[in-house]
Amino acid sequence: MYNIIGYYEAETVGEATALLAENPNLRIIAGGTDILIKMHGGQIEDAELLSLRKIKSLERIRKAEDGRIIIGAMATFTQVFNDPILREMIPILTEAAISMGGPQIRNIATIGGNVCNGATSADSASSLFALNAQLKLENMNGERIVPIREFYLGPGKVALKPGEILTEILISQEDYEGFGGQYIKFAMREAMDIATLAVAVVCKLQGKTFDEVRIGLGVAGPTPLRCLAAEAYALGKEVSAETVAEIGKLAVNSAKARTSWRASKEYREHLVEELVQRALKIAVVNAGGVELV
Ligand SMILES: Cc1cc2nc3c(=O)[nH]c(=O)nc-3n(C[C@H](O)[C@H](O)[C@H](O)COP(=O)(O)OP(=O)(O)OC[C@H]3O[C@@H](n4cnc5c(N)ncnc54)[C@H](O)[C@@H]3O)c2cc1C
């Protein structure tokens with residue numbers, strides 16, 4: 001049952017933030033693929049909804065003059081998957097996009113909704129963590145930029161303040177240029193399933209050593225997370241199967257896996273160690289390095 005007691009549509013960000021400031025009870029609806037499920041399941045009752053669907057400026061994906069990639073919060077997963085800039089510059093995000101839901105869901109679900117939903121299983125999250133994405137949040141009084149690692153506060157909890165809208169996802173040039181990457185979603189079945197574990201890895205090489213490695217994990221804890229100890233270990237190390245094996249082991253220390261009906265804690269930890277290695281080996285090749293056996 002959908003008990004919608006009010007429905008508003010904004011055509012600009014200014015209009016949306018003004019409506020939110022006037023009425024703090026308004027809940028934002030983007031594609032509706034999460035919020036409507038929650039309403040149907042009774043988790044949200046008597047909702048007053050503010051739709052962002054008519055704000056066309058929020059659908060844009062572009063590369064700014066300073067090299068930043070800017071993804072509008074209302075870009076759908078189909079758009080993200082098909083976008084030529086993202087395919088060329090940050091394919092770990094387009095790989096994540098195509099692994100998400102089925103075609104009908106991807107046509108309507110937005111990347112902004114995926115992030116604001118606060119789910120550790122969100123398919124865009126581990127890639128955005130690995131890419132050091134920053135989030136532009138706007139309200140009536142202005143805007144602020146928040147690193148994605150500070151945005152996730154707990155399961156279903158994000159750092160949006162009352163009256164704020166996520167408008168853009170920003171990825172700096174130094175965070176993607178020269179990097180190779182790989183996204184791996186491990187799920188119980190190949191199509192239309194939520195991740196049991198998700199791994200996104202990017203790396204940059206300097207000759208035969210690792211210049212930088214960043215590892216984002218989904219469903220390895222209550223929120224998406226980074227494997228900072230494994231990343232620090234990688235710096236300056238020789239690009240070899242032994243180094244990659246150690247990085248996989250260290251990644252497990254950052255995980256805060258738990259047992260759920262999908263998988264036990266131990267199985268998830270095993271997946272972290274194994275999938276980080278697999279993803280990093282592919283990322284090395286994508287960064288111009290040799291295949292590691
Ligand atoms: C059948 C099915 C399969 C699915 N499969 C997957 C999957 O494989 N992987 C996956 O990650 N997810 C999956 N999902 C979950 C869902 O589709 C995604 O999380 C989707 O990206 C949510 O986006 P949306 O635009 O529909 O968000 P909505 O439902 O409109 O909103 C979600 C939440 O974010 C808030 N919000 C949305 N946009 C903004 C904004 N710009 N600023 C502030 N707050 C905002 C809303 O208020 C709400 O709380 C699936 C859902 C269904 C129904």
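## Ligand shell and domain contacts

The ligand is surrounded by 30 residues, the closest being A30, G31, T33, G113 and N114. The model is predicted: local features need pLDDT of at least 70, side-chain atom pairs count only at pLDDT 80 or more, and totals for chains, interfaces and linings use all residues. Numbering runs from 1 along each chain as its sequence is written.

Strand 2 (26–29), helix 2 (35–40), helix 7 (111–116) and strand 10 (165–171) each give two or more residues to this shell. Helix 7 gives the largest share, 4 residues. Helices (H or I, at least four residues) and strands (E, at least two) are DSSP runs, numbered from the N terminus.

Domain 1 (4–50) and domain 2 (59–174) each supply at least three residues of the shell. The assignment also gives domain 3 (178–286). Such bounds come from an automatic or database domain assignment.

Domain 2 and domain 3 have centres 20 Å apart, taken over C-alpha atoms. Here 22 residues of domain 2 are in contact with 24 residues of domain 3. Contact means C-beta atoms, placed from the backbone, within 7 Å. On the domain 2 side, helix 5 (91–98), helix 8 (123–130) and strand 8 (152–154) each supply at least two residues. Helix 8 provides the largest share of that side, 6 residues.

The table gives both sets by class.

Methods: Contact = placed C-beta atoms within 7 Å. Near = placed C-beta within 6 Å.
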